[in-house]
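Here are my notes on this model, point by point. Have the coordinates open while you read.

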Amino acid sequence: MSVNHLKKVKTREEYKKIKEDEQKKSVGASTTQKTSKVKSAQEVRKATSATKRIRIRLIPIWLRIVLLVVLAGAFLVAGTAVGYGVLGDGNPGDVLKESTWTHILDLVEKK
């Protein structure tokens with residue numbers, strides 16, 4: 001998980017616990033008057049908005065990049081297989097053969 005440089009929070013559970021403790025401290029002793037509840041709720045909102053919000057990522061950035069590259073390659077192969085097999089009336093499995101690509105390059109270069 002992400003590490004906050006201010007509070008050294010490493011997990012969501014630690015962050016939630018710290019957040020609950022801060023709210024309990026800021027609210028203080030509970031009162032029965034509605035006006036004091038509204039004021040304390042406004043103070044809590046101001047205190048939480050003043051503190052910097054921690055963003056804990058579910059999928060790290062490096063893993064997102066790796067997934068992007070892998071999925072782009074998979075979709076490239078799938079797209080060529082559909083184009084060669086369905087549109088070109090060939091066998092979709094032939095896309096992975098080297099002889100197919102040398103034949104296509106020969107046609108493009110007009111050898």
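**Notes on the fold and surface**

1. D89 is not a glycine, and it belongs to the loop between α3 (61-87) and α4 (98-109). Most residues other than glycine have a negative phi. D89 is exposed because its relative accessibility is 72% (buried means under 20% relative accessible area, exposed over 50%, and partly exposed in between, with a 1.4 Å probe and protein chains only).

2. A word on provenance: this is a predicted model, so local features need pLDDT of at least 70 and side-chain atom pairs count only at pLDDT 80 or more, while totals for chains, interfaces and linings use all residues. Numbering runs from 1 along each chain as its sequence is written, and side-chain values use heavy atoms, with hydrogens and water left out.

3. Overall, the chain has four helices and zero strands, giving the pattern α-α-α-α along the sequence. Helices (H or I, at least four residues) and strands (E, at least two) are DSSP runs, numbered from the N terminus. Of the 111 residues in the chain, 10% are buried.

4. On helix geometry, α3 has 27 residues and spans 37 Å from its first C-alpha to its last, close to the 39 Å expected at 1.5 Å a residue. The expected span is 1.5 Å times one less than the number of residues. α4, with twelve residues, reaches 16 Å by the first-to-last C-alpha distance, close to the 16 Å expected. Just after α4 there is another residue to check: K110 has a positive phi of about 60 degrees.

5. Which residues form the nonpolar patch on the surface? They are L58, I59, W62, L63, V66, L67, V70, L71 and F75, with about 920 Å² of accessible area together. Patch members have over 30% relative accessible area and no salt bridge; like charges are joined within 9 Å, and nonpolar side chains (Val, Leu, Ile, Met, Phe, Trp, Tyr) within 5 Å. Areas come from the Shrake-Rupley method with a 1.4 Å probe, and for residues only the protein chains shown count as cover.

6. R55 lies in the loop between α2 (34-50) and α3, and its relative accessible area of 57% makes R55 exposed.

7. How many salt bridges does a search of the whole structure find? One, where the term needs a side-chain nitrogen of Lys or Arg within 4 Å of a carboxyl oxygen of Asp or Glu. K97 pairs with D94, the closest N and O atoms being 3.2 Å apart. K97 is partly exposed at 44% relative accessible area, whereas D94 counts as buried at 18%.

8. R12 and I54 are 42 residues apart along the chain, with 9.8 Å between their C-alpha atoms; K10 and I56 are 46 residues apart, with 9.0 Å between theirs. R12 is in helix α1 (residues 12-27) and is partly exposed at 31%. K10 is in the segment before α1 and is exposed at 52%.
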